[in-house]
Amino acid sequence: MPSQSKKIYLDHAATTPLDGGVFNCMLPYLREVFGNASSQHSFGREAANAVTSARDKMAVALGISPGELYFTGCGTEADNLGIKGIALANADRGRHIVVSAIEHPAVIESAKDLTNFGYEVTFVSPDGEGVISAEAVKEAMRPDTVLVAVMSANNETGVIQPIEGIYNVVKAHGVYLWCDCVQSAGVLPMSRFPADGFALSAHKFYGPKGVGAACIKKGIKFSRQHSGGHQEKGMRGGTTNTPGVVGMAQALELSLERTAEDGARIAALRDEFERQVLSHIDGAAVNGGGAQRLPSHSNISFEGCEGQNIVFLLDLNGVAASTGAACSSGATTPSHVLSSMGLGEERVKSAVRFSFGRNNTVEEVTRTVRILKKVISAIRG
Ligand code: PLP
């Protein structure tokens, strides 16, 4: 296996490394306790008990009841289940949905799929800092609006959205609010989150890949999005990923216990990084820097450069960053998030996302800025 030890990982928004303690608590369920949690014998019961404990633990951490949690295979699937599931099951309330323009493709594409079923979608633009205002959401709603989807924090800029205000506006109109919490879960406090439903993904908070959850509040009708067995009360068929949900619950609990400590340390690294970049590299501008952001994210444009070239050269020099969402980096289309903020083409195309995590150090920050400075001068030639 290639050594990653000298490399600097600044792409925690794409995924985080699995926490050692989380790995240890998953291990028995990858080996000895291998039963199918739906089986009736003791092997199955043992696995089912672990799934129940994981569900209870997550429910406590989220301030919800365990029955409101539906385990899925990832955050994307949770978004699909919540958005399509709620909209389709409540078509009698209307076929119009409001979606923020800065959402992840998991949300945007789910909303677009609904147009095949006669739904209309209105996209709401953010302000220049990447914030979706409650007023803008209010203006976009119509008498036939059934669902509004606004994310808790953006994956490219880290900008935190005013969800509480949006929830109040949405509820005043008797509409459901779906919130993609994939970037903020484990970073911001999540207890009694102000939304009718929300999505999580374990690999964003030092848990395993391939497991996520949709929380859908009690009493809200929704339809399943794939057909199968009776798992998750028949709303998400498929053999339960026992080690995955055990790991997700442990990772969420651990992350939430550490939010204050990790948040302050990571924000200090990010702020120091931005301070050094802005003082050592000309023509650099932070995108969304004027808004409240997650501690980890830093999205910076570098005049006269292509973001893709910067990321490529950084990688050659041992620094992992990205041009935006991991699933769309590599694509040549400019970021829909930065474009919707009204940033010019040059600024959008020259943007790079750096996202810091638990294991980064001040020494890595300084080393990255040194490498970045060289890379930018090489590109500017
Ligand atoms: N929503 C947001 C905001 C994300 O950042 C991501 C992943 O990057 C997803 C949804 C999809 O999550 P997953 O990778 O678990 O499918």
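Leaving aside neighbours within four places in sequence, N90 is in contact with V146, Y176 and K221 (contact means heavy atoms within 4.5 Å). The model is predicted: local features need pLDDT of at least 70, side-chain atom pairs count only at pLDDT 80 or more, and totals for chains, interfaces and linings use all residues. Residues are numbered from 1 along each chain as its sequence is written, and side-chain values use heavy atoms, with hydrogens and water left out.

N90 lies in the loop between helix 3 (75–89) and strand 3 (96–100). Helices (H or I, at least four residues) and strands (E, at least two) are DSSP runs, numbered from the N terminus. N90 has 2% relative accessibility, so it counts as buried (under 20% relative accessible area; exposed is over 50%, partly exposed in between; 1.4 Å probe, protein chains only). Its side chain reaches the backbone oxygen of I86 at 2.8 Å.

Now the rings. The whole structure holds five aromatic pairs. Rings of Phe, Tyr and Trp (its six-membered ring) pair if their centres lie within 6.5 Å; planes under 30 degrees apart count as stacked, over 60 as edge-to-face and the rest as tilted. One of the pairs is Y70 with F222, edge-to-face, at 5.0 Å centre to centre and 75° between the planes. Y70 sits in strand 2 (residues 69–72) and F222 in the loop between strand 8 (212–216) and helix 7 (242–257), so the pair ties together parts 152 residues apart in sequence. Y70 is buried at 7% relative accessibility. F222 is buried too, at 12%.

Elsewhere, F273, F354 and F356 form one aromatic cluster.

How values were computed. A polar contact is a pair of N or O atoms within 3.5 Å; within protein, one must be able to donate a hydrogen and the other to accept it, and residues adjacent in sequence count only if both atoms are side-chain atoms.
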